[in-house]
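I wanted to look up how they pair.

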Amino acid sequence: MNVRAAAAKVVYQVVDQGQSLSTALPAAQQDIKERDHALLQEMCYGVLRWLPRLEAITQELMDKPLKGKQRVFHHLILVGLYQLGYMRIPAHAAVAETVNATKTLKKPQLRGLINAILRNYQRQQEALDTQATSHDAGRYGHPGWLLKLLQTSYPDQLEAIVTANNTKAPMWLRVNRRHHDRDSYRALLDEAGIATDIHPQAPDALKLHSPCEVSRLPGFADGWVSVQDAAAQLSVEYLQPQAGELILDCCAAPGGKTAHILERQPQAKVVAIDCDEQRLKRVYDNLQRLQLDAEVLCADARHPEQWWHGEQFDRILLDAPCSATGVIRRHPDIKWLRRADDIEALAQLQAEIVDAMWQQLKPGGTLVYATCSITPQENSEQVKAFLARTPEATLMDSDPAQPGRQILPGEHDMDGFYYAVIRKANA
C-alpha cells in the first residue's frame, strides 16, 4: 500500500472513528513495506500532534469539506500538508506521492483536487501558517478543554507542558539488575555505538541519544534490558519491595512495573492483575522474555472478593486507570480521544479502586498510588480525598496540603507521572 494512503486511513480511524493510535498504526504497518514503518509513524504522529493547525489550513484552502465516504481524503490532505510543513521530504515528492495515494484509495478522480490544495499551500504557506497559529488550539496543538485545564492547574508551566507534549519522546531503557548493573550495561551500549545518558533519580535508567530497533540492544532477547520511560521506573523506588513480601501490582498491563519489581527484588512474591485480557498477553510476553515469574490474573480491582482469597498484601502498587494526559508525547491521539467529562468519570473509578485495594493491604503495609496523568483531579485531589475519609492512612514523604509528587512532561526528559506513598497504620 502507498504509505500516504495508509497514513490517511490511520488518521481517519483515530479522529473520525475513535480508534486508538496504538491499535490502528500496527494494523496499518502490516500492509506496507517494513522500510516504510518509521515514515508511516512519523506522518501519523505528526498529523495528530498538529491537527488543529492542519485543519485550519485545510479549511482555508477548500470551498466545502469532504464528507461521508470521501472523509479519508480529507485526512490525506492533512498528511500532505504535514509533509510540506514539517518534514524534510522534497516538496515535489511529498505532493506526487500524496496525490498518487488517491489511486490506492480508489478515488483517482480526486487527484486534481488534492494536487491543487497542496500546490496552493506551497504558494501561500507563510500566510496560511500565520493564520493557523493565530488561535490557541492551532498555536499549541491541543483541544480547548485541555488547554483550559492546563492553564488553570499550571499557569506558569503551560508553555513548557504543551511544548513537551508536542516533542518526540526519547527512548528510555531499564537495565535488568539480574544480569548487569546500569554502568556495565551502558559500557556494552558504548561498544555497540549507542550513546546514552543516565538519570539522576532512576538508577536503572538509560536514555538513548537516538532511538533504535531493540534488536540492536545487547541481550534484549535474553532479557538484559527493557524499554520503559524513566518516570515509570520510579515506581519501584517508591514501592521499595523487600524479600519475602507479598506484593500486588494492580492494573499491571503491559507488565513493565511487575517485571521491574521482580528484577529489583527476586525474593518477593508478586501478583499482577488487569481487567483487560488482551493487554494481559503483553504481561505474559514480558515475563517470558525476562524469565520472571508472577501470578497473573484477569480481574476487576474494584471487586477483590471475586478473585483474591489469600492473605493481605505487604505492598500494593496501584497504577490507576487514568486520562494518560502525562504521556501525550508518546500517544498524541489522547488529545483527540479524551473529553473533558472523562476526567470526572475516571476520578470516580480511581476512588472506587483505591478504597477496594486499601482493604487488601496489611496493617503496616504500603500503597503506592500512581497515574500517568497530570490532572489534579486524578492525582493530588484524589489522594487528599482518600486521606480525609481514611483515618488509618498516613501520607509519606510529602506535604498533605499538596500530597505526592507530580512529574510534569519533560522533567528530566520524562513522561508526566504522579506518585503518592501511603502507609496503613498497624492494628
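Below are my entries on the strands and their partners.

Ground rules: this is a predicted model, where local features need pLDDT of at least 70, side-chain atom pairs count only at pLDDT 80 or more, and totals for chains, interfaces and linings use all residues. Residues are numbered from 1 along each chain as its sequence is written, and side-chain values use heavy atoms, with hydrogens and water left out.

Entry 1, strand S9. I took strands as DSSP runs (E, at least two residues), numbered from the N terminus. S9 covers residues 361-371 and is mostly covered, with eight of its eleven residues buried; buried means under 20% relative accessible area with a 1.4 Å probe, protein chains only.

Entry 2, partners of S9. I count two strands as paired if DSSP finds at least two bridges between them. S8 (residues 313-319) runs parallel to S9, over six bridges, and Asp 319 has Ala 370 in S9 as its bridge partner. S12 (residues 417-424) is antiparallel to S9, also joined by six bridges. There I found Thr 371 opposite Tyr 418 of S12.

S1 (residues 172-175) and S3 (residues 205-208) are joined antiparallel by three bridges. I noted Leu 206 in S3 as the bridge partner of Leu 173.

Key. Buried means under 20% relative accessible area, exposed over 50%, partly exposed in between (1.4 Å probe, protein chains only). Helices (H or I, at least four residues) and strands (E, at least two) are DSSP runs, numbered from the N terminus.
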